[in-house]
Amino acid sequence: DLRAVSLFAEQAAAAIANARLYEVERAQVEELTHLNRVKSEFVALVSHELRTPIASIIGAVSSARKPEMQEHRAELEDIVERAALRLGTMVEDLLAAAELERGEAARRFEPVDLAKVVREAAVDHSVLGRDLEVAASQPAVVICDREYVRRILDNLIDNAFKYGQPPVRIVVTGDSGHLGFSVLDSGRGVAAEDRA
């Protein structure tokens, strides 16, 4: 009987150990699945962010090649330079993301003229055939990370043209205490029952 109980106990111990290993493996698979999903979302986000400055560069270069655009060549070169600088900043931000994972936060807070950023965005998007109306007072200085504000602005403009209807307007509002901007399109918007 003692030998039978001993064999049974060994089998039970092995079964318990296997169950524990299974739970550990299942948790690891869930974590790896989550990390893979996060990685895919990150790649999609980076791709989306890089599209706008690349499209600005391509649009400006192809416009500069047209004989009728020669008088605007300096302005088109400015667009290419700004977009290339933005791409460089985005690459730096990707490198900074690794630093953030290690707990080394890197932000570039500085005084930024929001009205100037909005006007630059309007010019850059005009190369893509997107006409934007701008209503911005001078000056509209905020302390922020300029590149992040510009990314937010570009995403809102992209969405206005993708899902809304022209005309699209950018409005900078507020005073020195509270500034903000809105990207407004003439589309039908989101139905009231779907907004929540």
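**Figure 1. Overall view of the chain and its burial.** Of the 196 residues of the chain, 26% are classed as buried. The model shown is predicted. Four helices and five strands make up its secondary structure, arranged from the N terminus in the order α-α-β-α-β-β-α-β-β. The radius of gyration is 27 Å, whereas a compact globule of 196 residues would have a value near 16 Å. Along the principal axes, the C-alpha atoms occupy a box of roughly 100 × 40 × 30 Å. Of the contacts between residues at least 6 apart in sequence, 69% connect residues at least 24 apart.

**Figure 2. Surface and charge of the chain.** The accessible surface amounts to about 13400 Å², and carbon and sulfur atoms contribute 57% of this area. The chain carries 24 positive and 33 negative side chains, with the centres of the two sets 2 Å apart. Side chains of opposite charge can pair when their charged atoms come close. In this chain, 13 salt bridges are counted.

**Figure 3. Close-up of the Arg26 and Glu23 pair in helix H1.** A salt bridge joins Arg26 to Glu23, with 2.7 Å between the closest N and O atoms. Both residues belong to helix H1 (residues 2-64), where they are three residues apart, about one turn of the helix. Arg26 has a relative accessibility of 36% and therefore counts as partly exposed. Glu23 likewise counts as partly exposed, because its relative accessibility is 38%.

**Figure 4. Close-up of the Arg86 and Glu147 salt bridge.** The side chains of Arg86 and Glu147 form a salt bridge with an N to O distance of 3.4 Å. This pair connects distant parts of the chain, since Arg86 lies in helix H2 (residues 73-101) and Glu147 in helix H4, 61 residues apart. Arg86 is buried, its relative accessible area being 7%. Glu147 is also buried, at 9%.

Figure 5. Arg151 and Glu147 are four residues apart in helix H4, so about one helical turn separates them. Both residues are buried. A network of salt bridges links Glu49, Arg82, Arg86, Asp124, Glu147, Arg150, Arg151 and Asp154.

Figure 6. Ile152 is located in helix H4 (residues 146-163). With a relative accessibility of 46%, Ile152 counts as partly exposed. The C-alpha atoms of Ile152 and Glu49 are 9.7 Å apart in space, while the two residues are 103 residues apart in sequence.

Methods:
Residues numbered from 1 in each chain as written. Predicted model: local features only at pLDDT ≥ 70, side-chain atom pairs only at ≥ 80, totals over all residues. Heavy atoms only, no water. Helix = DSSP H or I, 4+ residues; strand = E, 2+ residues; numbered from the N terminus. Rg over C-alpha atoms; globule rule 2.2 N^0.38 Å. Buried < 20%, exposed > 50% of the residue type's maximum accessible area, 1.4 Å probe, protein only. Contact = heavy atoms within 4.5 Å. Areas by Shrake-Rupley, 256 points an atom, 1.4 Å probe, with all protein chains shown as cover. Lys, Arg positive; Asp, Glu negative; His and termini not counted. Charge placed at Lys NZ, Arg CZ, Asp CG, Glu CD. Salt bridge = Lys/Arg side-chain N within 4 Å of Asp/Glu carboxyl O.
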